[in-house]
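Work through these exercises with the structure open beside you. Try each task before reading its solution.

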Amino acid sequence: MLVLGRSQVEALLDMHSLIDALAPAMEDLSAGRASVPDRVAALVPEHDGFLAAMPGFLPSAEVLMTKLVSLFPHNDGTRLPTHQALIVAFDPDTGEPAALLDGAAITAARTGACSALSARLLAREDAKVLAVLGTGVQAGAHARAICRVRPIEQVRVAGRDPAKAAVLAAELSAVLDAEVQAVSSYAAALDGADIAAATTHAVEPVIRRSWLTPGVHITSVGYNPAGREIDDATVTEALVCVESRQAVLAPFPAGSNDLLMPIRNGLITAEHIHAELGELISGSRPGRTTPDQITLYKSVGVAAQDAAATALVVASAREQSIGQKVALR
């Protein structure tokens, strides 16, 4: 079995290739060709954490895998990340374990890449200002990915901790062509933004309709079982797109409070979800129809994304003879 550590996975993942590979993966998912059951989780209440399992089979990439991912929010500010993960790939012809990979790097990359794919599909072509809400791993991944699909000239970073926002802004300034600055509030970041990337663990919404500019495209990947990132007014007005209707409407730990709460409150119905990304890619559902339309991509993360990324990493590792081979028997 091939074993790949985090630094190796990061070196092997090409963001352009990943964004492109996610398109057929999302199309497989929407067409019912991929097998991606709802994730399940073992809860660790004393730490507000859980360990989730996310299996998937993606025919377009010929990959069978499962991800084990832990979310321990109290790790924030410690030497350990809040999200940690392992991925095991299996031979899709025989079921034999084929590779073991660090999953944290793949989770960060595929989440940002799929948000970038949503921006490619839904954001205005002339989008130049990006608001990044949050200061963690996903915030950086989203800035780097979205700048690859739109002509971003300015990136604004906002978070609960101004010092962390300043550090992330400095890190991004070193790798992006755009002007990057830390700003004092979520509202300030969103004022005039063409794309907003919400990557927080917020309880109260960090995306509010009164802060938004007409025509903005919103990507929201944050998750907190006690709250949500987006307010009701934004959800009800926006053209809402998701990875999977089934996943986003599923109960904890798979669904999204951003959509489940307004549905429970009678503000919208499940039919308010306009499209899955795969339907936009296949052309079975239209995307943005006017320049001033607010579009929203709400992500909960699906194994099809991990499978697409895993296929790229394992193939590159084998081509370049990278990684350690371990005999299981």
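**Exercise 1. Decide whether Phe50 is buried or exposed, then find its ring partner.**

Start with accessibility. Phe50 has a relative accessibility of 8%. Buried means under 20%, so Phe50 counts as buried. Keep in mind that this is a predicted model.

Next, look for aromatic pairs. The count comes to one. The pair is Phe50 with Tyr223, and their ring centres lie 6.5 Å apart. Now take the planes. They meet at 80°. Planes over 60 degrees apart count as edge-to-face, so that is the class of this pair.

Phe50 belongs to strand β3, residues 49–58. Tyr223 sits in the loop between β11 and α7 (232–237). The pair therefore ties together parts that are 173 residues apart in sequence.

**Exercise 2. Describe how α3 packs against α4, and classify the angle.**

Two packed helices are described by the angle between their axes and the distance between the axes. Helix α3 covers residues 104–122, and helix α4 covers residues 137–146. The angle is about 45°, and the axes are 8 Å apart. Angles from 65 to 115 degrees count as roughly perpendicular, and those under 35 as roughly parallel. The angle here makes α3 oblique to α4. The crossing of the two helices is right-handed.

Now list the contact residues.
- α3 gives Thr107, Ala108, Thr111, Gly112, Ala113, Ser115 and Ala116.
- α4 gives Val137, Gln138, Ala141, His142, Ala145 and Ile146.

Sort them by class. The contact of α3 with α4 has seven nonpolar residues, six polar ones and no charged ones.

**Exercise 3. Work out how far α4 is enclosed, and name what covers its buried residues.**

Count first. Eight of the 10 residues of α4 are buried, so α4 is largely enclosed by the rest of the structure. The buried ones are Gln138, Ala139, Gly140, Ala141, His142, Ala143, Ala145 and Ile146.

Then look at the cover. Helices in it include α2 (15–31), α3 and α5 (162–173). Strands in it include β7 (129–133), β10 (195–198) and β11 (217–220).

**Exercise 4. Find the loops that hold Asp48, Glu62 and Asp292, and describe each residue.**

Take Asp48. It is in the loop between β2 (40–44) and β3. Its phi is positive, about 55°, although Asp48 is not a glycine.

Take Glu62. It is in the loop between β3 and β4 (63–71). At 63% relative accessibility, Glu62 counts as exposed.

Take Asp292. It lies in the loop between α10 (277–282) and β14 (295–298). At 56% relative accessibility, Asp292 counts as exposed. Leaving out residues up to four places away in sequence, Asp292 touches Pro214 and Gly215. Finally, compare Asp292 with Ala317, 25 residues apart along the chain. Their C-alpha atoms are separated by 44 Å.

Definitions and conventions: Residues numbered from 1 in each chain as written. Predicted model: local features only at pLDDT ≥ 70, side-chain atom pairs only at ≥ 80, totals over all residues. Heavy atoms only, no water. Axes fitted to C-alpha atoms, helices over the stretch in contact; angles between N-to-C directions. Helix = DSSP H or I, 4+ residues; strand = E, 2+ residues; numbered from the N terminus. Parallel < 35°, antiparallel > 145°, perpendicular 65-115°, else oblique. Left-handed = near helix turned anticlockwise from the far one by under 90°. Contact = heavy atoms within 4.5 Å. Nonpolar A, V, L, I, M, F, W, Y, C, P; charged D, E, K, R; others polar. Buried < 20%, exposed > 50% of the residue type's maximum accessible area, 1.4 Å probe, protein only. Phe/Tyr/Trp six-rings, centres within 6.5 Å; stacked < 30°, edge-to-face > 60°.
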